[in-house]
Amino acid sequence: MKDPVAPAAALLGERIRRARLDLGLSQEAIAGLAAMHVTNFGKIERGVANPSLLTVVRIATALGTDVAFLTQDIKREHLPPDHRVHSAREYLRERRRRSRRSS
């Protein structure tokens with residue numbers, strides 16, 4: 001099996017899978033309700049695809065849940081190591097530090 005796109009994708013996929021199984025529905029059923037191909041749905045559920053926000057909303061709707069449930073507690077630490085993202089707070093702190101240093 002291919003490695004997940006990121007730990008975030010694996011977490012999202014596992015939550016989708018758990019919600020689907022709790023409903024007792026197949027991948028085909030949820031994919032159909034979400035208006036998507038079952039192959040793509042399976043990739044998302046296995047964590048090997050990175051779905052768009054609209055796709056996640058469609059899946060959440062089909063599962064009878066919301067995006068917040070599916071993405072709860074997925075944070076920066078769940079990004080791939082090569083995707084370093086800085087917060088606005090970090091940016092502002094560094095900008096102030098550099099400004100003080102150059103004064």
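What follows is a short tour in questions and answers.

Guide: This is a predicted model, where local features need pLDDT of at least 70, side-chain atom pairs count only at pLDDT 80 or more, and totals for chains, interfaces and linings use all residues. Residues are numbered from 1 along each chain as its sequence is written, and side-chain values use heavy atoms, with hydrogens and water left out.

Visitor: Why is Leu63 called buried?

Guide: Buried means under 20% relative accessible area, exposed means over 50%, and partly exposed is in between (1.4 Å probe, protein chains only). Leu63 has 7% relative accessibility, so Leu63 counts as buried.

Visitor: What makes the place of Leu63 a helix?

Guide: Helices are DSSP runs of H or I with at least four residues, strands are runs of E with at least two, and both are numbered from the N terminus. Leu63 lies in helix H4, which spans 53–63.

Visitor: Which residues does Leu63 contact beyond its neighbours in sequence?

Guide: Contact means heavy atoms within 4.5 Å. Leaving aside neighbours within four places in sequence, Leu63 is in contact with Ile16, Ala19, Arg20, Leu23, Ile30 and Leu70. Take Ile16: Leu63 and Ile16 are 47 residues apart in sequence, yet 8.0 Å apart in space, C-alpha to C-alpha.

Visitor: Is Gly64 buried or exposed?

Guide: Gly64 has a relative accessible area of 67%, so Gly64 is exposed. Gly64 lies in the loop between H4 and H5.

Visitor: What makes a set of residues a nonpolar core?

Guide: A nonpolar core is a set of buried Ala, Val, Leu, Ile, Met, Phe, Trp, Tyr and Cys residues joined through side-chain atoms within 4.5 Å. The largest one here has 16 residues. Those with the most contacts inside this core are Ile16, Met36, Phe41, Ile44, Ile59, Leu63 and Leu70. H1, H2, H3 and H4 are the elements that give two or more residues to this core. H4 gives the most, with 5 residues.

Visitor: Which residues of H3 are buried?

Guide: H3 covers residues 38–46, and Phe41, Gly42, Ile44 and Glu45 are buried there.

Visitor: How do you know that they are on the same side of H3?

Guide: The arc is that of the directions from the helix axis to the C-beta atoms. These residues cover an arc of only 160° around the axis, so they lie on the same side of H3. What covers them includes helix H1 (7–23), helix H2 (27–33) and helix H4 (53–63).

Visitor: What does Ile44 touch?

Guide: Not counting residues up to four places away in sequence, Ile44 touches Ala9, Gly13, Ile16, Met36, Ala49, Pro51, Thr55 and Ile59.

Visitor: Why is Thr55 called buried?

Guide: Thr55 has a relative accessible area of 13%, so Thr55 is buried. Thr55 sits in helix H4. With residues up to four places away in sequence left out, Thr55 touches Met36 and Ile44.

Visitor: Why is Asp73 called partly exposed?

Guide: Asp73 is at 48% relative accessibility, so Asp73 counts as partly exposed. Asp73 is in the loop between helix H5 (67–71) and helix H6 (88–102). Its phi is positive, about 65°, although Asp73 is not a glycine.

Visitor: Why is Ala35 called exposed?

Guide: Ala35 is at 61% relative accessibility, so Ala35 counts as exposed. Ala35 is in the loop between H2 and H3. Phi of Ala35 is near 55°, a positive value in a residue other than glycine.

Visitor: What makes a space a pocket?

Guide: On a 1 Å grid over the protein atoms alone, a pocket is an open set of points with protein on both sides within 12 Å along at least five of seven lines, whereas a cavity is a set where a 1.4 Å probe fits but cannot get out. Lining residues have an atom within 4 Å of a point. The largest pocket holds about 200 Å³ of space. Of the 13 residues that line this pocket, Ala6, Ala8, Ala9, Asn50 and Leu79 are the closest to its centre. H1 gives the most to the lining, with 3 residues.

Notes:
Grid points are joined across faces, edges and corners, and a volume is the space filled by probe spheres set on the points.
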